[in-house]
Amino acid sequence: MRKWLFGDARRASLPWRRAVLAKVVFGAIVAAGFLAPVGAQAAPAACAALAEKYPDWKGRTLVNAINPHTPGYEAIDPKDPNKYIGFDIDLGEEIGECLGFKVTYKAVTFAALLTTLASGQADIVISDIYATEERAKAGDFITYSKVFDGVLVAKGNPKKITGINTTMCGAAAAENTGFVEVPLVQALIPTCKAEGKPEPTLQLYDNNANCIQAILAGRADTYVNDVNTVDNAVKANPDKLEKAIAVTIPYSVGIAVPKDKPKFREAVMAVMMEIYKSGDQAALLKKWELDPNNLKEPGLLTVN
């Protein structure tokens, strides 16, 4: 793997309450599926103590595995294909700034996020991934956001879908491989059969863009995903798509870290608490036009 080249200047773009640095630009080399982040952040006063308490990562460069196809969270910068932008990108940069490490990115399919972490090809996963007990078998999760899903349909909602319920019987649902919405749709099958209705079918794709395109092309009837993703799809195609409804699902978004690195998990958890308490997590939601109701005090999900 080629080494990354970073400028000496520290970059900053988030409104820390106790410290604000000017935003500066520096270059990076694109290599082996990695892209440069848009910017790092200045650390709050509490980070000095945390960096001293957790010195093992100071001066290192860690790899964050992402699936950069979720605008608002992580996506390729439309103004610069060598950069990533979004809530998750800023959050990862902020964690690194606090503990003294830099971040590079490895873009993979969503289904490969945790296997990339478990294989040692990534050090952390900050990629709008829902934390479930099944996924926590592959990595520990620091949860930090509630989950609100939107139900995307064609304009006019021809199938009259009203949620993840029996109105999806007989519908074709486009979903991302590995997303938690897949088993939610599959769970409708016995109920639809019991009511004498055709079962829903699933079309699995590697990213959000392909799922949305399936509806635009008439191959699928619906797509259930994060409400921000659905809202952005409607905004981009107001004459062809609409959001049938927004629903809550019983998960949280989390940061995945290796199960065999409890000290790193402890360090990231400590930083996330500071980001939450300082108000910066709320500021990030506002910056990326995400629902402020997503705000959640960080927690921990780990299973044997």
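**Side-chain contacts in a predicted model**

User: How do the side chains of aspartate 231 and lysine 243 meet?
Analyst: Aspartate 231 and lysine 243 form a salt bridge, with an N to O distance of 2.9 Å. Please bear in mind that this is a predicted model.

User: Which parts of the chain does that pair link?
Analyst: Distant ones: aspartate 231 belongs to helix α7 (residues 227-236), while lysine 243 belongs to strand β12 (residues 241-257).

User: Which residues do salt bridges with shared partners join into one network?
Analyst: That network consists of Asp140, Lys259 and Arg265.

User: How many salt bridges are there by this rule?
Analyst: The count is 10. Among them is the contact between aspartate 80 and lysine 83, at 3.8 Å from N to O. Aspartate 80 is partly exposed, with 22% relative accessibility. Another of the salt bridges pairs glutamate 134 with lysine 137, and their closest N and O atoms are 3.2 Å apart. Glutamate 134 counts as exposed, because its relative accessibility is 56% and the cut-off for exposed is over 50%.

User: Changing topic: how many disulfides does a search of the whole structure find?
Analyst: The search returns 2 disulfides. In one of them, cysteine 47 is bonded to cysteine 98, with an S to S distance of 1.8 Å. This link is left-handed, with -105° about the S-S bond.

User: What does the pair of cysteine 47 and cysteine 98 tie together?
Analyst: Cysteine 47 is in helix α1 (residues 46-53) and cysteine 98 is in helix α2 (residues 87-99), so the bond ties together parts that are 51 residues apart in sequence. Cysteine 47 and cysteine 98 are both buried.

User: How far apart are the sulfur atoms of cysteine 169 and cysteine 192?
Analyst: They are 1.9 Å apart, and the two cysteines form a disulfide. The link between cysteine 169 and cysteine 192 is left-handed too, at -85° about the S-S bond. Cysteine 169 sits in the loop between β8 (140-154) and β9 (172-176), and cysteine 192 sits in helix α5 (residues 189-194), so this pair ties together parts that are 23 residues apart in sequence. Both of these cysteines are buried.

User: What pattern do the disulfides follow?
Analyst: Counting bonded cysteines along the chain, the pattern is 1-2, 3-4.

User: And cysteine 211, buried or exposed?
Analyst: Cysteine 211 is buried, and its relative accessible area is 0%.

User: Now the aromatics. How many pairs turn up?
Analyst: The whole structure contains 6 aromatic pairs. One is formed by phenylalanine 87 and tyrosine 144: their ring centres are 6.2 Å apart and their planes lie at 15°, so the pair is stacked. Phenylalanine 87 is buried at 2% relative accessibility, and tyrosine 144 is buried at 1%.

User: How are the rings of phenylalanine 110 and phenylalanine 179 arranged?
Analyst: They are edge-to-face, because their planes are at 65°; the centres are 3.9 Å apart. Phenylalanine 110 and phenylalanine 179 are both buried.

User: Which residues form one aromatic cluster?
Analyst: Trp57, Phe101 and Phe264 do.

Key. Residues numbered from 1 in each chain as written. Predicted model: local features only at pLDDT ≥ 70, side-chain atom pairs only at ≥ 80, totals over all residues. Heavy atoms only, no water. Disulfide = S-S within 2.5 Å. Helix = DSSP H or I, 4+ residues; strand = E, 2+ residues; numbered from the N terminus. Buried < 20%, exposed > 50% of the residue type's maximum accessible area, 1.4 Å probe, protein only. Salt bridge = Lys/Arg side-chain N within 4 Å of Asp/Glu carboxyl O. Phe/Tyr/Trp six-rings, centres within 6.5 Å; stacked < 30°, edge-to-face > 60°.
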